[in-house]
Amino acid sequence: MYGALWRLMPGPTWLRVILMVLFFAIILAVLVLFVFPWLNTFVNVNDNTVGP
């Protein structure tokens, strides 16, 4: 998958590296800002399996 993305990107190597970093930063930002808060509504992290 990463090889395919690398071959599809235009430009020299330095530009491809910058584009890949931006691509993954955008994906991470979308996950942190939208996907993880949405999933938090379904997963109750306060439930405790070990207790008194």
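Tutor: A residue is called exposed when its relative accessible area is over 50%, buried when under 20%, and partly exposed in between. Keep in mind that this is a predicted model.

Student: Why is tryptophan 38 called exposed?

Tutor: Tryptophan 38 has a relative accessible area of 51%. The cut-off for exposed is over 50%, so tryptophan 38 counts as exposed.

Student: What makes phenylalanine 42 count as exposed?

Tutor: The relative accessibility of phenylalanine 42 is 58%. That value is over 50%, therefore phenylalanine 42 is put in the exposed class.

Student: Why are the rings of tryptophan 38 and phenylalanine 42 called an edge-to-face pair?

Tutor: Two steps are needed. Rings pair if their centres lie within 6.5 Å, and the centres of tryptophan 38 and phenylalanine 42 are 5.0 Å apart. Planes over 60 degrees apart count as edge-to-face; here the planes stand at 75 degrees, so the pair is edge-to-face.

Student: How many aromatic pairs does a search of the whole structure find?

Tutor: The search finds 2 aromatic pairs. One of them joins phenylalanine 23 and phenylalanine 24, with ring centres 5.3 Å apart and planes at 65 degrees, so this pair is edge-to-face as well.

Student: Why is phenylalanine 23 called partly exposed?

Tutor: Phenylalanine 23 has a relative accessible area of 35%. This lies between 20% and 50%, so the class is partly exposed. Phenylalanine 24, with 34%, is partly exposed too.

Student: What is leucine 5 in contact with, leaving aside its neighbours within four places in sequence?

Tutor: Leucine 5, which lies in helix α1 (residues 2–8), is in contact with Met20 and Phe23. Its own relative accessible area is 24%, so leucine 5 is partly exposed.

Student: How do you know the span of helix α2 is close to the expected one?

Tutor: Helix α2 covers residues 13–40, which is 28 residues.

Student: What does the radius of gyration of the protein chain say when set against a compact globule?

Tutor: A compact globule of 52 residues would have a radius of gyration near 10 Å, whereas the protein chain has 18 Å. The C-alpha atoms fill a box of roughly 60 × 20 × 15 Å along the principal axes. Of the 52 residues, 4% count as buried.

Notes
Residues numbered from 1 in each chain as written. Predicted model: local features only at pLDDT ≥ 70, side-chain atom pairs only at ≥ 80, totals over all residues. Heavy atoms only, no water. Rg over C-alpha atoms; globule rule 2.2 N^0.38 Å. Buried < 20%, exposed > 50% of the residue type's maximum accessible area, 1.4 Å probe, protein only. Helix = DSSP H or I, 4+ residues; strand = E, 2+ residues; numbered from the N terminus. Expected span 1.5 Å × (residues − 1). Phe/Tyr/Trp six-rings, centres within 6.5 Å; stacked < 30°, edge-to-face > 60°. Contact = heavy atoms within 4.5 Å.
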